Amino acid sequence: MKLYGHPLSGHAHRPRALLRILGVPFEEVVVDLKSGEHKRPAFLALNPLGQVPVLEHDGRVLRDSTAILVYLARTFDESGEWLPEEPAASAAIQQWLSAAVLEIREGPFALRLHRLFGAELDYGKAWRRTESLFNTLFEPHLESSRWLVGDRPTVADLACYGYIARAHEGDFSLEAYPHLRAWLGRVEAIDNFPAMPKAADL
C-alpha cells in the first residue's frame, strides 16, 4: 500500500492518521508540492485532478481524502467503530465529512493556504466563514458532545481535525472556543494518533 501526500497537507493527514491508529503497514510517498510535482504527468496519471492524497492498494488507485477514509475503515477496521454501518450514525458521519470538504476548505483551510503559501483568495471572506463555522456548528455541538458523532471517535473526527488544529497558521485564534480546543486534545490523545507537523518545523 502506498499513500501519496505531503506532511503539511491536512487532507493527506486524514488517511495517514487512520492507518496509524489501525496499525496498517503502508509506504508514505512524499509529493513535492512546492516544485509542482503533483501537476506533472506521472502524478496526474494517478490523480488527474493533481491533488494529494492518493492511495494505491490491491491494484486500486483512490483519490479524495474522505473517500480514502471510507475505504480504509471498511477494509481494515474489523470493529466497525470508525465508520458504523447503522444508518443514523453513518448519515451523521457523512454530514461531517461533507463539512470537511466544503465549509472547512472554504474557512480554516483557505486561511492557512493564504498565509503559508500565498494563495490569492479573499482572506476576509475565509475568515468570516471560519468564524461562522466555529460559532454555529463546532463549538455548540462540542459543548454537549465529546466527539462529532456518538460516544467515541470516528472518521468524522479525523476528517475535521487537521485544518482546525492548524487554524492559527492562518492567523485565526481558537482562544474563544474552549470546547473546540478540548475536542482537539481528545483527538490528539487517541492511541497511535500521529501529530500533524507544524509548518514552522519543516
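Guide: The questions below concern a predicted model.

Visitor: What makes Thr154 buried?

Guide: Thr154 has a relative accessibility of 3%. Buried means under 20%, so Thr154 counts as buried.

Visitor: Where does Thr154 lie, and which residues does Thr154 touch, not counting those up to four places away in sequence?

Guide: Thr154 lies in the loop between helix H6 (123–144) and helix H7 (155–165). Leaving out residues up to four places away in sequence, Thr154 touches Glu81, Trp82, Ile93 and Val149. A touch here is a contact, with heavy atoms within 4.5 Å.

Visitor: Why is Asp58 called exposed?

Guide: The relative accessible area of Asp58 is 64%. Exposed means over 50%, so Asp58 is exposed. Asp58 is in the loop between E3 and E4. Its phi is positive, about 55°, although Asp58 is not a glycine.

Visitor: Why is Asp64 called partly exposed?

Guide: Asp64 has 34% relative accessibility. Partly exposed is the range between the 20% limit for buried and the 50% limit for exposed, so Asp64 counts as partly exposed. Asp64 also has a positive phi, about 80°, and is not a glycine. The place of Asp64 is the loop between E4 and helix H3 (65–76).

Visitor: What is the strand order of the open sheet, and which strands are its edge strands?

Guide: The sheet has four strands in the order E2-E1-E3-E4, with mixed pairing. Its edge strands are E2 (27–30) and E4 (60–63), each of which pairs on one side only. On average, neighbouring strands of this sheet are turned by 20° against each other, direction ignored.

Visitor: How do you know that E1 and E3 pair?

Guide: Two strands pair if there are at least two bridges between them. Strand E1 (residues 2–5) and strand E3 (residues 54–57) have three bridges, so they count as a pair, in the antiparallel sense. For Tyr4, the bridge partner in E3 is Val54.

Visitor: Which helix packs on the sheet, and which strands does it touch?

Guide: Helix H1 (residues 10–22) packs there, touching E1 and E2. The direction of H1 makes about 150° with that of E1.

Visitor: What is the form of the peptide bond from Val52 to Pro53, and where is Pro53?

Guide: That bond is cis, with omega near 5°. Pro53 is in the loop between helix H2 (41–44) and E3.

Definitions and conventions: Residues are numbered from 1 along each chain as its sequence is written. This is a predicted model: local features need pLDDT of at least 70, side-chain atom pairs count only at pLDDT 80 or more; totals for chains, interfaces and linings use all residues. Side-chain values use heavy atoms; hydrogens and water are left out. Helices (H or I, at least four residues) and strands (E, at least two) are DSSP runs, numbered from the N terminus. Axes are lines fitted to C-alpha atoms, for helices over the stretch in contact, and angles run from 0 to 180 degrees between N-to-C directions. Buried means under 20% relative accessible area, exposed over 50%, partly exposed in between (1.4 Å probe, protein chains only).
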